[in-house]
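Here is a short briefing for someone meeting this structure for the first time. Please look over the sequence and the model, then read on.

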Amino acid sequence: MEQITFAPTFAGWQRAARRALARGIAPEAVAWEELGDDQPSLGIFGEEADDSGVDVSAFRVPRSFVALAESVACHRDPRRWGLLYRALWRLTHGEPRLLDLAVDPDVHALEAMEKAVRREVHKMRAFVRFRAVAHEGAEWHVAWFEPEHHIVERNAPFFRDRFAGMRWSILTPDRCAHWDGEHLSITAGVPRSEAPSADAVEGLWRTYYGNIFNPARVKTRAMRKEMPKRYWKNLPETAIIPALLARAPVRVERMIAASDAQVVRPEEWELARPPAGADWDALRDAAHSCRACPLWHDATQTVFGEGPRPAGLMLLGEQPGDQEDRAGHAFVGPAGKLLDAALAEAGIERGGAYLTNVVKHFKWEPRGKRRMHRTPGEREARACRPWLEAELRIVQPRVVVCLGATAATAAFGPGVRVARDRGEFRPSPLAPHTLVTWHPSALLRAPDPDTQARQRAEFVADLRAALRRREETRAA
Ligand code: SF4
């Protein structure tokens, strides 16, 4: 039996395996011995180039094996190295199509490991929670995570791309990943005691989770499957789950009662009540628990406005759609994409305007498995109006563009007609310069390509006019 000592990384194993293969050492004659865990890198970033000097041209393996081996190398089972070498041996000794044999025990075991690693990669992406800490006079975000497999280095580029604007560290017992805004680095693992405890952001997160938690949709078994218990200690929201679950039956009864009451006594609807004098963050948080009209009941969450404050230009839509309701952001669905394209064509940066809706919850009705948009009624728009007025107080737009009939009605009352009145600036209670134009979803529903092209051209022209008016009034 030959003992092969190697760095327990994909690159380390790859070098050792090539040497063993070149020397003709059969799998059953090898004992794989991992070096101590003092290597700075798993080799995925390319620091560990192959320096074995072994001519491997005679040993061709499918690309899929290399990809599989890179993934399996991240598994925590120490038997993975021998398993990989046996598969490598078989691939290069008369079984080039081995990986096609899903029922082969070696292939089956490797694929199970690859699947476990892939799942853990996704879990890490879902369950890492950053906490803000002060570091050298600046804000740094730190997360603690205990991965089941060696996936930190594999996942680090994902977090770099997702949180490019933050400076962060993900600490784990195996490896730590760090992003300083320019460089991604990997260091040795640390004990949990080095991770910060709760921060102020977690309170907000718990409030948010409590607000979007819908007891009528609770499936605890599915919840545990999707959010395994071993991650719970790192997730701020889990601290409140037992209490939410305990209160769930009562809340469901109340929701049913409230729902019934709303059906039979619509006169009991209220006006939304934004906290007086609140700043934008406090308004948005308060809107998340608004129950002034029944629309909250079937929606996932409140979708509040977004954008600079103050802003010379506000775009006002009708209500969040299906995708906005799930994402919690305005104009992210198909209509939002059309709006983005039209804004770009008109020379308006999306981030330069404040985007919001007349009604902050998604109104819909089921059709099969789909949630179909329903136009909010006048009463819902009236109930929600205080949120819009609170936004206007903070954003102070000089120009408001009303996208579609519901927004136009909010500005000019029920007599307005988009097709007739679009493209003209008039003063309204919303802003001194208020313009009506098409809603992007109306363009999506246009009856024929010619109509769509005409409406789109008008839409872009109206947005250009709004941009010009914003600039003119800036100078005034
Ligand atoms: S639609 Fe507006 S008023 Fe109705 S519950 Fe939602 S936020 Fe409140």
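The points below cover the ligand shell, the strands, the helix contacts and some backbone details.

This is a predicted model: local features need pLDDT of at least 70, side-chain atom pairs count only at pLDDT 80 or more, and totals for chains, interfaces and linings use all residues. Residues are numbered from 1 along each chain as its sequence is written. Helices (H or I, at least four residues) and strands (E, at least two) are DSSP runs, numbered from the N terminus.

**Ligand shell**

- The ligand is surrounded by 16 residues. A residue is near a molecule if its C-beta atom, placed from the backbone, lies within 6 Å of it.
- The closest are Cys290, Ala292, Cys293, His361 and Cys384.
- Helix α12 (residues 378-395) gives the largest share of the shell, 4 residues.
- The shell divides into 11 nonpolar, 2 polar and 3 charged residues. Here Ala, Val, Leu, Ile, Met, Phe, Trp, Tyr, Cys and Pro count as nonpolar, Asp, Glu, Lys and Arg as charged, and the others, Gly among them, as polar.

**The open sheet**

- An open sheet is formed by 5 strands in the order β9-β8-β12-β14-β13, with mixed pairing. Two strands pair if DSSP finds at least two bridges between them.
- Its edge strands are β9 (354-357) and β13 (425-426), and each pairs on one side only.
- Strands β8 (residues 313-317) and β12 (residues 399-403) run parallel and are joined by 4 bridges. Leu313 has Val399 in β12 as its bridge partner.
- Helix α13 (residues 405-412) packs on the sheet and touches β8, β12 and β14 (433-437). The direction of α13 makes about 135° with that of β12. Axes are lines fitted to C-alpha atoms, for helices over the stretch in contact, and angles run from 0 to 180 degrees between N-to-C directions.

- Strand β10 (residues 364-367) pairs with strand β11 (residues 370-373) in the antiparallel sense, over 4 bridges.
- In β11, Arg370 is the bridge partner of Arg367, and Met372 is that of Glu365.
- The hairpin has 2 residues between the strands, and Gly368 takes a positive phi near 65°.

**Helix contacts**

- Two packed helices are described by the angle between their axes and the distance between the axes.
- Helix α1 (residues 10-22) and helix α3 (residues 80-92) have axes that come within 11 Å and cross at roughly 45°. The two helices, α1 and α3, are therefore oblique to each other. Angles under 35 degrees count as roughly parallel, over 145 as roughly antiparallel, 65 to 115 as roughly perpendicular and the rest as oblique.
- The crossing of α1 past α3 is right-handed. A crossing is left-handed if the near helix is turned anticlockwise from the far one by less than a right angle, and right-handed if clockwise.
- Trp13, Ala17, Ala20 and Leu21 of α1 make the contact with Trp81, Leu84, Tyr85, Leu88 and Thr92 of α3. Two residues are in contact if their C-beta atoms, placed from the backbone, lie within 7 Å.
- This contact of α1 with α3 has 8 nonpolar, 1 polar and no charged residues.
- The axes of helix α2 (residues 63-72) and α4 come within 8 Å and cross at roughly 60°. That makes α2 oblique to α4.
- The crossing of α2 past α4 is left-handed. Leu68, Ser71 and Val72 of α2 meet Leu110, Met113, Glu114, Val117 and Arg118 of α4. By class, these are 5 nonpolar, 1 polar and 2 charged residues.
- Helix α4 (residues 105-127) also packs with helix α5 (residues 152-162), at an angle of about 40° and with their axes 10 Å apart. The crossing of α4 past α5 is right-handed.
- From α4, Val121, Met124 and Arg125 meet Arg154, Asn155 and Phe158 of α5. The contact of α4 with α5 has 3 nonpolar, 1 polar and 2 charged residues.

**Backbone details**

- Arg309 and Pro310 are joined by a cis peptide bond, with omega about 0°. Pro310 lies in the loop between α9 (280-287) and β8.
- Phe331 is not a glycine, yet has a positive phi of about 55°. The loop between α10 (322-327) and α11 (334-346) holds Phe331.
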